[in-house]
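The following paragraphs lead through a protein chain, from its overall form to selected local features.

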Amino acid sequence: MTQVKFLTKNFGQYDTASIGDYMKIGGFAALRKAVNMDPEEICNLLSEAKIKGRGGAEYPLGRKWSQARAVKGEKKVIICNADEGETTTFKDRELIHKDPFNLIEAMIIAGFVCGATDGYIYMRAEYACYRPLLLNAIRQAKNYGFLGENILGKGFDFHIHLYSGGGAYVCGEGTALIRSIEGKAGRPRMKPPFIKVSGVFARPTCLNNVESLSLVPHLLCDRDTYMNCGRGESIGTKLVSVAGNVNNPGVFEIPFGTTVREIIYGLAGGVQHERPIRLIQFGGASGKVADSSILDTPYTYEDLRSAGVMVGSGGMLVIDQRTSVIDFLRMNQEFFFEESCGQCTPCREGNLHIKIILDKLAAGQATPHDIKTMGTIARVMSMSSLCGLGETAQNTLLSAMEKFPETFVIGGEAL
């Protein structure tokens, strides 16, 4: 099968260092259109397209922008979350690298719709090589009058600032990200107050993922193409990053409804040396796992949810038979053990003790009681952790216990 080109249609079509080249292919036409529309009309368009947040939370974008518009307050802020710390997820990197001006245009449109005066791009430390590209795009947009004061003569002021994090995965969580921008330790805080009311520097804040934002200019200029893609409640297209034991790992734009088999064996070139699949993890390190029985499931929000997994960040990790389920879980758990900020007890202690039990299980030293304890800790973490990291860290383990119960049988006693 071939990819669709909606969100990625600008890739390779212009010099990413030149705003003039971007404008030659229609760049900033969406912004010119947007500033002559009622902002609520744009929110309604996003709601009609049923765009869910592409960072993993799946919160409807049109609803988020409409709520941000309704918040009372001056000096509102738009934040682009370009942290992308989720393992096996690298789609946002492609959007930054291959279409930076579209992201800048999208943020300006978001600022206009939500009534914001400032925008922050929070980019992970590992993407430092793209800083010059974005700084150049911001500078040129300002020189051409698309940023700054009285944009396009509409009395609209908007400025964009680029901020690089220190490499902490937890800073992909909204409140931790905001504290990092403020110069504080990147640790989550309790809510309320919610970000939309009191976010960065206590200003009303609307936070969006790179892919979520990048869709908006394309949708404003070409609504019909997007609306004609998809299946059921999942309208449009999605960027999927496929990694692991496949012949052609990479980022692919697919229409919703493409099957998992078509993604892995078509776009990603199949499994290396035609080995059988052990498992597939969906949605990054905090995603759930499935076995090869999911291959003919359509890639939509509702179909994947029915199959016990989720779209999440759009990552797909394919593991073949050379890796055992336990070795995979140990690798995944090592990530969360390292990345937990340690602020709340369930996540701090839970990740440590699950790591210990998985190591015992791999060494053949675990008892049935250990397995039961591990499952209990995982469920407690999901219900009582302070932020999304702790709440979702054991999605992989809990889904593996359900999908591969034979892995957790010790002495004939199962969980």
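Helices (H or I, at least four residues) and strands (E, at least two) are DSSP runs, numbered from the N terminus. The model is a predicted one, in which local features need pLDDT of at least 70 and side-chain atom pairs count only at pLDDT 80 or more, whereas totals for chains, interfaces and linings use all residues. Residues are numbered from 1 along each chain as its sequence is written, and side-chain values use heavy atoms, with hydrogens and water left out.

The protein chain contains 17 helices and eleven strands. Its radius of gyration is 22 Å, close to the 22 Å that the globule rule gives for 415 residues, so the chain is as compact as a globular protein of that length. Here the radius of gyration is taken over C-alpha atoms, and the globule rule is 2.2 Å times the number of residues to the power 0.38. Along the principal axes, the C-alpha atoms of the protein chain fill a box of roughly 75 × 45 × 35 Å.

Burial is assigned from relative accessible area: buried means under 20%, exposed over 50%, and partly exposed in between, with a 1.4 Å probe and protein chains only. Of the 415 residues of the protein chain, 55% count as buried. The protein chain exposes about 16,500 Å², of which carbon and sulfur atoms supply 49%; such accessible areas come from the Shrake-Rupley method with a 1.4 Å probe, and for residues only the protein chains shown count as cover. A contact means heavy atoms within 4.5 Å. Among contacts in the protein chain between residues at least 6 apart in sequence, 71% join residues at least 24 apart.

As for charge, the protein chain has 45 positive and 44 negative side chains. Lys and Arg count as positive and Asp and Glu as negative, while His and the chain ends are not counted. The centres of the two sets lie 4 Å apart, the place of a charge being taken as NZ of Lys, CZ of Arg, CG of Asp or CD of Glu.

Which residues of helix α4 (residues 61-70) are buried? They are L61, G62, W65 and A68. These residues cover an arc of only 130° around the axis, which puts them on the same side of α4; the arc is that of the directions from the helix axis to the C-beta atoms. An α-helix has 3.6 residues a turn, so residues three or four places apart point the same way. The buried residues of α4 pack against α3 (39-48), β1 (76-82), α6 (100-114), β4 (205-209) and α9 (210-221).

Helix α8 (174-181) is mostly covered, with seven of its eight residues buried. The buried residues in α8 are G174, T175, A176, L177, I178, S180 and I181. Their cover includes β1, β2 (116-123), β3 and β4. After α8 comes G183, whose phi is positive, near 85°.

Most residues other than glycine have a negative phi, and most peptide bonds are trans. In the loop between α8 and β4 lies P192, which is joined to K191 by a cis peptide bond with omega of about 0°. A cis peptide bond, again with omega of about 0°, joins P192 and P193, and P193 is also placed in the loop between α8 and β4.

E58, in the loop between α3 and α4, is not a glycine but has a positive phi of about 65°. At 14% relative accessibility, E58 counts as buried. Leaving aside neighbours within four places in sequence, E58 is in contact with K52, G53, Y301, R305, M310, V311 and G312. N150, likewise not a glycine, has a positive phi of about 50°. N150 sits in the loop between α7 (131-143) and β3 (159-164), and at 43% relative accessibility it counts as partly exposed.

Is F252 buried or exposed? At 6% relative accessibility, F252 counts as buried. Beyond its neighbours within four places in sequence, F252 is in contact with Q3, K238, L239, V240, V242, L267 and A268.
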